[in-house]
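Thanks for coming, everyone. Let me put the structure up and walk through it.

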Amino acid sequence: MPTPSIFSFQNGGPVDPRSILSSIGEVVYGWDVQSDTLTWGPNVGEVLGPLPAQTLARGLAFAGLVEPGSGPSRYDAIFGSSERDQGDGVIYRTRYAVDLAGRKMWAEDTGRWFAGTDGRPARAHGILRLERAARADELERLGNELCDRPALLERIDAALKEHPPAERPVVILVAAIDELARLNDDFGHEATDEIISTVHERLRSVTRRRDHLVRYAGNSFAILLVGCPQDQIESAARRFIKIVAQSAIETARGIALVRLRVGAASAPELGTHAGSLLTAAEGALAAARAGAIDTAVTAKPRPRREAASDQVGFDVQAIAALNERRVQLALQPVVRAGSREPAFHEALLRVGQGETGLYFSSAELIPMLERRGLVRLFDHRVLELAMEMLRDDPALVLSVNVSPRSLTDPEWFDAFVARTAAASSETSRLIVEVTETATIENPMRVAKLLGGIKAQGARIAIDDFGAGHTSLRHLRAFPIDILKIDGAFTQNLRRSTDDRFYVRTLIDLAGHLGVETVAEWVDDEMQAAMLRDWGVTYLQGHLVGRAELHVPVQEARRKIAAG
């Protein structure tokens, strides 16, 4: 059967990306982890069916649709990562069964999370892809083997009531198999199930009679230790770590070396509330993943902190960052797919640390600025810095991101015209990036605005393209030069035939429109080779260069003169 093409005609023209995305059962989402706010692509109803708005709006509410024990939730996949975000995000991947109003389906959930100021996940962007219907017998088998989070909390609560911590300490260990996503990629789902089952058996073999071992969240285990003093938590945890690592695990797909990470929380030191203790143990597990393999981390009581700065305080600090010139740009190269020669750089906002200790990562900064109505001021500063760089370096070509909030503000466009009117040489080397979501509210107005930007001599790029927000009719009306394909799709090229087809479709669409393409999140040579062969124009990602802070020419000269 021939592979379908974007040039399958529908009403006299190629089909829209949205219809293709729905046909392969994929929907894009964004998750603001800290506020637990979920946003979905426009085809969410077509893929997931009629679900309550409140279920789709919150990460925890959507997690309630996951079938107990069917696999690690998105939360577990993200917070279970042992990697640290170096500024470009960390890949996560999981698979679970989800109940869609009585229709139970297997879903693959992949994407990247981005860290906040504390290094912990603050934002995630990914794709949910429905695979096939989940059979009742496989769900029943999994349900009998595993315990979901509410049931685990009931068990912890029962243990605390049976053994009052004031009389006998109770410790909760949360253990997880290290790098399960890699094992899953290397060995496949069935072999991974064998690994998890063997780990469970080994843990049970060294669990004392009065303790409780519970498997939950797919690859996680909770162990309730009754009567375990504080000074024995480390040795108890090491007992479980050692038994898992004692020998390789044989599977039908090969031999796997498996390691365990462990976090611990004890009562009464951290209170006697089941939910708080489990959360503390999970937080300690996250810390353990960032440390040495063979150590466990025990949660410590947190000192009372004064109330977080109010929103007014954030406003003051943000304005101070502007006034003190602590807003900087990091430049990430975008290279030609064929030659790997740099074509331009994307300018990414960074706020440096000053005497006040202010620091915001990009994952947190933009949403906060948008909520407080301050993003326009920072977009002004980014444009100012970019134009200065272009003036100082005649060989430099830069792309800058403009928030949807700034696009709707006439003052931003007036400032853009004022800054670029007398700088034609610099403006001709400027690319203005707007997100696909920014084009949907009033496409005719956006088309006119983008036309005004282009009339100044700049080029236009649509960022994060592929979620299906923009119709083909509107794409034709926009004066665009570049489509930047959402990295959530290019990330999965190695594994997903659906995503390979969809990315090729987007590249074909760009060719139909006569515009260039950038593939984002390119991390390995296989991705790069596929994309090059399919005709993508440019590559951006870890493989070809990370974002690096730019030192202005004048500042560099001052440092040389002083030093």
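Start at Asp36, which is buried, with a relative accessible area of 14%. Buried here means under 20% relative accessible area, exposed means over 50%, and partly exposed is in between, using a 1.4 Å probe and protein chains only. Asp36 sits in the loop between β3 (26-32) and β4 (37-40). Its phi is near 60°, a positive value in a residue other than glycine.

A word on ground rules. This is a predicted model, where local features need pLDDT of at least 70, side-chain atom pairs count only at pLDDT 80 or more, and totals for chains, interfaces and linings use all residues. Residues are numbered from 1 along each chain as its sequence is written, and side-chain values use heavy atoms, with hydrogens and water left out.

Back to backbone angles. Arg340 also has a positive phi, near 65°, and it is not a glycine either. Arg340 is in the loop between β15 (327-336) and β16. Is Arg340 buried or partly exposed? Arg340 is partly exposed, with a relative accessible area of 32%.

Pro268 lies in the loop between β13 (260-267) and α11 (274-289).

Now the overall picture. The chain has 23 helices and 23 strands. Those are DSSP runs, numbered from the N terminus: helices are H or I with at least four residues, strands are E with at least two. Of the 563 residues, 53% count as buried. Take contacts, meaning heavy atoms within 4.5 Å. Among those between residues at least 6 apart in sequence, 67% join residues at least 24 apart.

Confidence next. pLDDT is the predictor's confidence in each residue, from 0 to 100. The chain mean is 83, and 87% of residues reach 70 or more.

On to packing. In soluble globular proteins, nonpolar side chains tend to be buried together. A nonpolar core, as used here, is a set of buried Ala, Val, Leu, Ile, Met, Phe, Trp, Tyr and Cys residues joined through side-chain atoms within 4.5 Å. The largest one has 78 residues, and Leu430, Val432, Ile453, Leu531 and Leu539 touch the most other members. Helix α14 (residues 375-392) gives the largest share of this core, nine residues. A second, separate core has 31 residues, including Val171, Leu203, Phe221 and Leu260.

What does Val432 contact, leaving aside neighbours within four places in sequence? The partners are Val400, Val402, Phe416, Ile453, Ala458, Arg459, Ile460 and Ala461.

Strand pairing comes next. Two strands pair if DSSP finds at least two bridges between them. Strand β16 (residues 342-351) and strand β17 (residues 398-401) run parallel, joined by three bridges. His345 has Leu398 in β17 as its bridge partner. β17 also runs parallel to strand β18 (residues 430-435), this time with four bridges. There, Ser399 stands opposite Ile431 in β18.

Two residues in other strands. Ser220 lies in strand β10 (residues 220-226). Ser220 is buried, at 5% relative accessible area. Beyond four places in sequence, Ser220 contacts Ala175, Ala176, Val214 and Arg215.

Then Thr298, in strand β14 (residues 296-298). Thr298 is buried, with a relative accessible area of 19%. Setting aside residues up to four places away, Thr298 touches Gln230, Ile233, Ala264 and Ala284.

Last item, the lining of the largest cavity. That lining is Glu26, Glu108, Thr110, Ile127, Arg129, Asn492, Ser496 and Asp499. A cavity, on a 1 Å grid over the protein atoms alone, is a set of points where a 1.4 Å probe fits but cannot get out, and lining residues have an atom within 4 Å of a point. β6 (103-115) and β7 (121-133) each supply at least two of the lining residues.

How values were computed. 1 Å grid on protein atoms, 1.4 Å probe; cavity = no way out; pocket = protein on both sides within 12 Å on 5 of 7 lines; lining within 4 Å.
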